[in-house]
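User: Hi! Could you walk me through this structure? I'd like to start with what counts as a contact.

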Amino acid sequence: MAITNFEVFATRLRDENLDVRLKQTIAHELCESLEYIQLQDYSRFVALLWPVIRDLLVKMPPIFVSSAPEQRIPHSEVFRPIVQEVVTTIMSLVRIENEENAVVCLKIIYELHRMYRQVLESVALPFLSLATDIYRNTDQMLRAMDSAETPASLSTPNANLLSPSAMSPGPDTGDVAAKNLPKAMSSFK
């Protein structure tokens, strides 16, 4: 991948006038091309694209309809300088995302912790706090199940969050049926 492609991806993903579905297609292309990045280009990739990816993750509202396959994220020593910021950002997403995205976030956190244990010591307590908050919701989820409510009804204050929109995940939903997803903090997943 030529270095100028990083700038093209960053510019296209940063464009606020670009349709979200097109941004998803661009992000999917980026993910597929990551395995071809040369090691010496990773630093430039991280410097140019991590701020754009972080902003997209933080600014885009969570979607509570599933129809997207899970994506794999490659890891490299180049991430060491930003790994704390990445984990902190991902932990904040677990609190607001749907259960499937939260599971992906947690898998990423576990993998990064395995690779960068010493660097991530300072996020251990915030992570334990997150885990405690997740388990603290167990009683509420059980009561909801007993009263025939679903965890999704607890997590969505208005019905618009459940409707498919331009923010629906995945560049190509194909034959996969969409399903409503509960908020991660109100899920047993």
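Analyst: Happy to! Contact here means heavy atoms within 4.5 Å. Please keep in mind that this is a predicted model.

User: Great. Which residues does L56 touch, not counting residues up to four places away in sequence?

Analyst: L56 touches L13 and K23 on that count. L56 itself is found in helix α3.

User: And how far apart are the C-alpha atoms of L56 and R14?

Analyst: Those C-alpha atoms are separated by 8.1 Å, although L56 and R14 lie 42 residues apart along the chain.

User: Let's zoom out. How many helices and strands are there in the chain?

Analyst: The chain has eight helices and two strands. Starting from the N terminus, the order of the elements is α-α-α-β-α-α-α-α-α-β.

User: What share of the residues counts as buried?

Analyst: Of the chain's 189 residues, 38% count as buried. As for contacts with a separation of 6 or more, 81% of them come from residues 24 or more positions apart.

User: Back to α3, please. At what angle do α3 and α4 pack?

Analyst: Helix α3 (residues 42–59) packs with helix α4 (residues 83–96) at an angle of about 15°, and their axes are 10 Å apart. Angles under 35 degrees count as roughly parallel, so α3 and α4 are roughly parallel to each other. Their crossing is left-handed.

User: Which residues make the contact?

Analyst: From α3, W50, R54, L57 and V58 take part, and from α4, E85, V86, T89 and L93. Sorted by class, the residues in this contact of α3 with α4 are five nonpolar, one polar and two charged.

User: What about α4 and α5: are they roughly parallel or roughly antiparallel?

Analyst: The angle between α4 and α5 is about 155°, with their axes 9 Å apart. Angles over 145 degrees count as roughly antiparallel, so α4 and α5 are roughly antiparallel to each other. The crossing of α4 past α5 is left-handed.

User: Which residues meet there, in α4 and in α5?

Analyst: On the α4 side you'll find V83, V86, V87, I90, M91, L93 and V94, and these meet A102, C105, L106, I108, I109 and L112 in α5. By class, the contact of α4 with α5 has 13 nonpolar residues, no polar ones and no charged ones.

User: Nice. How do α4 and α6 pack?

Analyst: They pack at an angle of about 10°, and the axes of α4 and α6 are 11 Å apart. That angle makes α4 roughly parallel to α6. In this contact, M91, V94 and R95 of α4 meet P126, F127, S129, L130, D133 and I134 of α6. The contact of α4 with α6 divides into six nonpolar, one polar and two charged residues.

User: Changing topic: how many aromatic pairs does the structure hold?

Analyst: It holds two aromatic pairs. One of them is formed by Y110 and F127, and it is edge-to-face, with 5.9 Å centre to centre and 75° between the planes.

User: Where do Y110 and F127 sit in the chain?

Analyst: Y110 is in helix α5 (residues 99–115) and F127 in helix α6 (residues 124–136), so the pair links distant parts of the chain, 17 residues apart.

User: Last one: is F127 buried or exposed?

Analyst: F127 counts as buried, because its relative accessibility is 18% and the cut-off for buried is under 20%.

Note on methods
Residues numbered from 1 in each chain as written. Predicted model: local features only at pLDDT ≥ 70, side-chain atom pairs only at ≥ 80, totals over all residues. Heavy atoms only, no water. Axes fitted to C-alpha atoms, helices over the stretch in contact; angles between N-to-C directions. Helix = DSSP H or I, 4+ residues; strand = E, 2+ residues; numbered from the N terminus. Parallel < 35°, antiparallel > 145°, perpendicular 65-115°, else oblique. Left-handed = near helix turned anticlockwise from the far one by under 90°. Nonpolar A, V, L, I, M, F, W, Y, C, P; charged D, E, K, R; others polar. Phe/Tyr/Trp six-rings, centres within 6.5 Å; stacked < 30°, edge-to-face > 60°. Buried < 20%, exposed > 50% of the residue type's maximum accessible area, 1.4 Å probe, protein only.
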